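Have the model open as you read.

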Amino acid sequence: MDKSELIRSHGHILGLRDINLDIAAGSLQVIMGLSGSGKSTLLRHINRLIEPTAGRLIVNGTNVLELDEKALIEFRRKNTAMVFQKFGLLPHRTILQNAVYGLELQKVAKARRIDVATYWLERVGLKGFEQKYPHELSGGMQQRVGLARALCVDAPILLMDEAYSALDPLIRVEMQDVLIEIQQEIRKTIVFITHDLDEALKLGDRIAVLRDGELVQQGTVDEIVMTPADDYIRRFVHEVNRGRVVRVDAAMAVGAISGTGVTVAIDDTLQDAARKIAASKADSADVVGAGGNVIGSVSLRQIVCTMIPNNQKSEESYVQAIDHH
Ligand SMILES: Nc1ncnc2c1ncn2[C@@H]1O[C@H](COP(=O)(O)OP(=O)(O)OP(=O)(O)O)[C@@H](O)[C@H]1O
Ligand SMILES: [Mg+2]
């Protein structure tokens with residue numbers, strides 16, 4: 001029974017159904033979907049703030065659903081940290097006191113708590129604000145405190161539920177850059193909920209799209225943009241500038257050699273690759289894979305075709321590229 005039928009015939013709301021999602025350690029998983037599609041519900045299953053009716057939830061080999069109450073509290077404290085849309089700062093505490101909060105719960109010694117919190121506050125750009133109170137900070141700054149507080153506990157899993165949705169567009173982009181920069185260093189497993197497609201494409205290693213409690217598609221940015229599973233997702237991604245988000249491996253001819261002496265990297269965006277080729281006066285380049293070897297070639301023509309939506313040729317070359325992988 002789908003969501004609408006369930007509510008019609010039984011008066012119940014379908015939360016989630018048939019969710020099967022693998023999130024690689026150290027990756028950033030984006031969850032997208034319209035309001036009410038089940039994003040927060042899914043996120044809250046990960047630390048069992050919501051109990052599923054059935055299924056398994058494996059974190060690092062442990063089935064979280066089998067933990068007793070005490071072990072579950074321990075699991076939440078040690079393994080997960082959350083960043084909320086509405087910041088969730090304690091108004092009577094200073095910024096530093098807010099940042100150390102999770103470490104207090106972990107009973108970390110005071111001097112160490114302060115060291116760690118001071119470090120992360122500086123990393124998110126709040127050095128000098130340690131003794132201020134939340135109401136003395138702008139929304140963007142308060143969100144930085146929320147992020148620092150989550151990073152302090154050093155949990156391997158970071159759960160971010162529309163953490164940036166309340167910020168104005170420029171501050172939001174700034175916060176995305178802060179997260180990307182920090183993630184390169186800390187390599188946490190981040191589950192990031194957003195309504196914003198640009199944000200999803202910029203941040204996500206993988207994206208999962210929910211509708212009415214069901215997973216309608218999951219995949220890499222390239223897969224979602226180049227081969228949307230249905231009209232709902234196609235409408236979402238239609239206006240996307242593919243040049244900025246799709247990578248060379250979607251356009252290349254695997255196994256071919258250009259002979260031009262120009263090279264691009266397989267994970268260059270189409271736009272960056274086109275720029276490199278255009279600057280060289282050649283019209284194609286060899287593609288260097290992750291291992292440093294040439295694994296194929298790409299031409300300006302292939303890049304342009306891949307950048308144009310609903311273009312038969314581009315979809316074909318994309319499918320071929322996937323097959324070769
Ligand atoms: N505590 C609850 N009890 C009963 N139903 C709930 C509860 N929380 C959410 N729901 C229902 O579950 C569905 C999914 O809600 P959820 O909050 O996960 O959506 P969401 O995708 O996070 O939406 P938004 O983008 O608005 O935050 C909705 O239909 C909602 O009405
Ligand atoms: Mg929500």
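## How helix α6 packs

Helices α6 and α8 lie oblique to each other, because their axes cross at roughly 135°. This is a predicted model, so a word on confidence comes a bit later on.

Let's stay with that pair for a moment. Helix α6 covers residues 110-123 and helix α8 covers residues 169-186, and their axes come within 11 Å. On the α6 side, Tyr-119, Trp-120 and Arg-123 make the contact, meeting Glu-181, Ile-182, Glu-185 and Ile-186 of α8. Sort the residues of this contact and you get four nonpolar, no polar and three charged.

Helix α6 also packs against helix α7, residues 139-152. With an angle of about 135°, α6 and α7 are therefore oblique too. The crossing of α6 past α7 is right-handed. Here Val-116, Ala-117, Trp-120 and Leu-121 of α6 touch Ala-148, Leu-151 and Cys-152 of α7. That contact splits into seven nonpolar residues, no polar and no charged. Trp-120 turns up in the contact with α8 and again in the one with α7.

Here are the two pairs side by side:

| Helix pair | Angle between axes | Axis distance |
|---|---|---|
| α6 and α8 | roughly 135° | within 11 Å |
| α6 and α7 | about 135° | 9 Å |

Now for that word on confidence. The protein chain has an average pLDDT of 90, and 95% of its residues score at least 70. Among its elements, strand β6 (residues 189-193) has the highest mean pLDDT, at 96, while helix α15 (residues 312-324) has the lowest, at 52.

Key:
Residues are numbered from 1 along each chain as its sequence is written. Chains are lettered from A and ligands numbered from 1 in the order in which they are written. This is a predicted model: local features need pLDDT of at least 70, side-chain atom pairs count only at pLDDT 80 or more; totals for chains, interfaces and linings use all residues. Side-chain values use heavy atoms; hydrogens and water are left out. pLDDT is the predictor's confidence in each residue, from 0 to 100. Helices (H or I, at least four residues) and strands (E, at least two) are DSSP runs, numbered from the N terminus. Axes are lines fitted to C-alpha atoms, for helices over the stretch in contact, and angles run from 0 to 180 degrees between N-to-C directions. Angles under 35 degrees count as roughly parallel, over 145 as roughly antiparallel, 65 to 115 as roughly perpendicular and the rest as oblique. Contact means heavy atoms within 4.5 Å. Ala, Val, Leu, Ile, Met, Phe, Trp, Tyr, Cys and Pro count as nonpolar, Asp, Glu, Lys and Arg as charged, and the others, Gly among them, as polar. A crossing is left-handed if the near helix is turned anticlockwise from the far one by less than a right angle, and right-handed if clockwise.
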